[in-house]
Amino acid sequence: MDFNFTTEQNEFREELREFLRAEVPLEKQEVFGSLTEEDYQFGREINRKLAERNWLAIGWPEEHGGGGKGPIEQGILNEDLGYWRVPKSGSIGLGIVGPAIMVFGTQDQKDRYLGPIARGEIEYCQGFSEPNVGSDLGSLELRAERDGDEYVLNGAKMFTSYAFKADYMYLLARTDPQAQKHRGISLFIADLKTPGISLSPLPYINGEMAAQTNFDNVRLPLSCLIGEENRGWYHAMTTLDYERSGLWRYANVRRVFDDFVDFCQDSAPDGGQPLAEHPLVRHQLAERRLGMETWKLLSWNVAWMQSSGAVPNAEASVSFLFGSEERLRFAEMAMEVLGPYSTLRHGSPMAPLLGNIEGIHREAMHLHGAGTTEIHRNIIAQRGLGMPR
Amino acid sequence: MDFGLTEQQEILRRSAREFLEAECPTSLVRETEESADGHSSDLWRKMAGLGWLGIALPEMYGGTGGSLTDQIVLFEEIGRALAPGPMLTSSVLAAQIVLNSGNDSQKESLLSGIISGDLVLTLARGDKLETASVGGGITLSGDSAFVPHAGLANTMICATRPAIGAWPDTTLVLVDAAAEGVLKTPMESIANYPQHLVEFDDVALSTEAMLGEIAEGRQALDQAIQRATVVQCAETLGRAQKVLEMVVEYAGHRVAFGRPIGTFQAVQHRCADLKVAIDSGRMLTYQAAWKVDQDLPAGDEVAMAKAQAGTLSRTATEAGHTIFAGISFTTEHDMQLYSARAKIAEANLGDTGYHLDQLASGMEI
């Protein structure tokens, strides 16, 4: 057992923190639930600066424009970017699309797609869910039919986060409707400017503008197919395992928790003694401190497994499930402690912590990313414990 | 960063599991539960023979000089097997106090006895124990409840309130369990766990009975308690892991409504929640042990591990009794052996509420 980073890893973290202290002042840090276009563009700018230092894709091999380090360094980067509340961008390209192309892409695809991702130039969105398809993703219906040297796509994708910001969509489409459901799916990259793609706005409760993405006779060249035709499901599932630590998400919440503890020690919104001196609040803060520590360790466990060459599967679900529920427990606890002040949104001069608590409570309703909490429980039981289906 | 066990630790885990599966079946656990002293001297001698009582004690006294991490690998197996006896009390808690505070001759005689299994030590504490210097010696008075294995112990370490110095300063003294003025009354407890109310009626001690200096025992005691707390977490972890394996196995073949109950998501999700709690407990417990092994401040980490161990115990107990259902309400089923011992462990060395309070103090709130 060793819970330490190496000297080199600690040096990297120190350099990174020096960079973040200089480049990400408090007023630029994202407030939960109130992301603006300006915030997002600031996040892109930070990503480009990280790329100049060869840090943005630090876990990628050097030959693909990365930093040539491993999952631990990637975890250090993600944990600190999350803690500094740098608005997130580029994560689908860096965490999912890039790794898939490295494994399954042609040389041409590698040359074309990887560099721009590693340099922070391109934003991706993901096209997995559909209007009728969520947890049972293998039943997806969006059709891609081969027509000469093109594929013709018809159907719709749902819950497309980053749709209005992205250049490309990484998507799954059905190429063989006769095959057994997981065996007729292929993986594509679609330029969102392709004629026939349209976006119907889908505002999220956390303030983000997502979309339903409609495909109406969208013609993609064969070079947009990633990997083998009809093997897309397996390609996608393999590379979903690439960055599973969830350290960014953890640290994002941890920062607000730490700020909340400070707030409770210093403040008494209604006068009287500071909140933390109430025995019940003190107890709840300690409970959530334990929850945060647990979330951190479970997340790092996934990063460590990846660094040792193992493929975390049920372990990633353990970490993800715990994190989703811990985020909600913290949000509910903080709302309860703050009473009516917790309902004040960012912008209200009386909102504690700039309205982060109200915002994190909305964000905490995101209990379904990368699978609902119940799907994660299924994965833990069936793949982790070998229980029968 | 490396969250794996070393090859040696893997070997220890495997061999401990094999040994306990052969030598400590639940029939022995039940037999011991019915015995007067809650102890199996046969198993005790065998465990001593394997060097388990000295696994984290110095080689010069007959130990193997292993780390706390080595010791908790072993205690996960002890917990898994529900192995009875004063392993935690004598070979961890009492032994660490002696190691931290004893003089050379005390360490030599007591630690070698603890490690060989010939001596059993226990700890009596509580703020009702008082020592006073009288003439050339010391007298000990007061009483202490919940003294584990007091009926078996040859020697008790008493953590006392000294007549000089300000409480919570502590004077540590060694008391022969058979000395005049020592009265032991068993406290009828869950699973017949052997714990006693011990009363000391002006017991006269010589100055040689002192462990360390008057009013200077607090640090030695706290360090020992910290290590024992981590060990208690590991024991809980092993027991919970075994409960999980038992329910998963049962749910895989118990049929209801025409299918194994393990195919029902209601059952699967309970198992998944227990798995999450076990993984959490493992990370927290090993982190705490690692901090202690590195001589780093470990107060918060130990508090977090033990606070979580309490909820882990409850999660395991609830999963076990829910999934085994009716049969686990009978004494013939093993599940009740696990849930009874879980409650002893939960109350031992501070429960969840106590350790959350410690954690809050560590957070300076």
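# Briefing on a predicted two-chain model

Chain A contains 11 helices and 8 strands, where helices (H or I, at least four residues) and strands (E, at least two) are DSSP runs numbered from the N terminus. The radius of gyration of chain A, taken over C-alpha atoms, is 22 Å, close to the 21 Å that the globule rule gives for 389 residues, so chain A is as compact as a globular protein of that length; the rule itself is 2.2 Å times the number of residues to the power 0.38. This is a predicted model, in which local features need pLDDT of at least 70 and side-chain atom pairs count only at pLDDT 80 or more, while totals for chains, interfaces and linings use all residues. Residues are numbered from 1 along each chain as its sequence is written, and chains are lettered from A and ligands numbered from 1 in the order in which they are written.

**Chain A**

- Along the principal axes, the C-alpha atoms of chain A fill a box of roughly 75 × 45 × 45 Å.
- Of the 389 residues in chain A, 49% are buried, a residue being buried if 20 or more other C-beta atoms, placed from the backbone, lie within 10 Å of its own.
- Among contacts (C-beta atoms, placed from the backbone, within 7 Å) in chain A between residues at least 6 apart in sequence, 69% join residues at least 24 apart.

**Contact between the chains**

- Chain A gives 34 residues to the contact and chain B gives 32 residues.
- On the side of chain A that touches chain B, two or more residues come from each of α7 (247-266), α8 (279-307), α9 (314-338) and α11 (373-384) of chain A, and the largest share, 13 residues, belongs to α8(A).

**Chain B**

- Chain B has 11 helices and 10 strands, and its C-alpha atoms fill a box of roughly 80 × 45 × 40 Å along the principal axes.
- Buried residues account for 56% of the 365 residues of chain B.

**Domains of chain B**

- The assignment, from an automatic or database source, gives domain 1 (7-116), domain 2 (121-215) and domain 3 (219-362) of chain B.
- The C-alpha centres of domain 1 and domain 3 of chain B lie 21 Å apart, and 21 residues of domain 1 are in contact with 27 residues of domain 3.
- On the side of domain 1 of chain B that touches domain 3 of chain B, α2 (26-34), α4 (68-81) and α5 (87-101) of chain B each supply at least two residues, with the largest share, 10 residues, coming from α4(B).

Notes:
A residue is buried if 20 or more other C-beta atoms lie within 10 Å of its own, exposed if 12 or fewer, and partly exposed in between; C-beta atoms are placed from the backbone. Two residues are in contact if their C-beta atoms, placed from the backbone, lie within 7 Å.
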